[in-house]
Amino acid sequence: MDQFLEAHVRRATHGDIASLVTLGLTIQELHSQALPTVFVEPDEEAFASFFRDALESDDHVLVVDNGKELLGYLLAAHVARGTTSFKHASSLLYIHHIVVAPKARREQLGARLMKGTDARLGDRFSHAATAVL
């Protein structure tokens, strides 16, 4: 669809918080239903506070939008690990969330977010790893 072809990846801003919250609540609802002993019920105010803090911290929040609306986001954090008896020091990017709006799924927007992460941050990290919960 044309609306998705025009979508681009950029860093999130404070103007995106309401949309980030809406998208974040959808994934939190799925998590809390699937694993209620691990994940708390979604809370709009808590999510707004969380995203405000994330935007002001060293966390990385990228969004994909089509110029009219936010279609997805990726939240990641830098994890630095020092040298141990077993491993050399490393610098990792840990992806906490990757969310695409239901109407925009299957349009490769998640892949664009991942590529956007690589393009903006990839050279700063020594290792990449993937895990799915």
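Select helices α2 and α3 first: the two pack at an angle of about 120 degrees, with their axes 9 Å apart. Helices here are DSSP runs of H or I with at least four residues, strands are runs of E with at least two, and both are numbered from the N terminus. The axes are lines fitted to C-alpha atoms over the stretch in contact, and angles run from 0 to 180 degrees between N-to-C directions. The model is a predicted one, in which local features need pLDDT of at least 70, side-chain atom pairs count only at pLDDT 80 or more, and totals for chains, interfaces and linings use all residues. Residues are numbered from 1 along each chain as its sequence is written, and side-chain values use heavy atoms, with hydrogens and water left out.

Because angles under 35 degrees count as roughly parallel, over 145 as roughly antiparallel, 65 to 115 as roughly perpendicular and the rest as oblique, α2 and α3 are oblique to each other. To see the contact (heavy atoms within 4.5 Å), show Ile17, Leu20, Val21, Gly24, Leu25 and Gln28 of α2 together with Glu44, Phe47, Ala48, Phe51, Arg52 and Leu55 of α3.

Next, colour the largest nonpolar core, which has 17 residues, and pick out Leu20, Val21, Leu23, Phe51, Val61, Val63 and Tyr73, the members that touch the most others. Such a core is a set of buried Ala, Val, Leu, Ile, Met, Phe, Trp, Tyr and Cys residues joined through side-chain atoms within 4.5 Å, where buried means under 20% relative accessible area, exposed over 50%, and partly exposed in between, with a 1.4 Å probe and protein chains only. The elements giving two or more residues to this core are α2 (17-34), α3 (44-56), β2 (60-65) and β3 (70-81), and α2 gives the most, with 5 residues. A second, separate core of 12 residues includes Leu62, Val64, Val100 and Ala104.

Now centre the view on His97, which lies in strand β4 and is buried, with a relative accessible area of 18%. Its side chain makes a polar contact with the side chain of Tyr73 at 2.9 Å; such a contact is a pair of N or O atoms within 3.5 Å, and within protein one must be able to donate a hydrogen and the other to accept it, while residues adjacent in sequence count only if both atoms are side-chain atoms.

Finally, move to Ala89, in the loop between β3 and β4 (90-100). Is Ala89 buried or partly exposed? Ala89 counts as partly exposed, because its relative accessibility is 44%.
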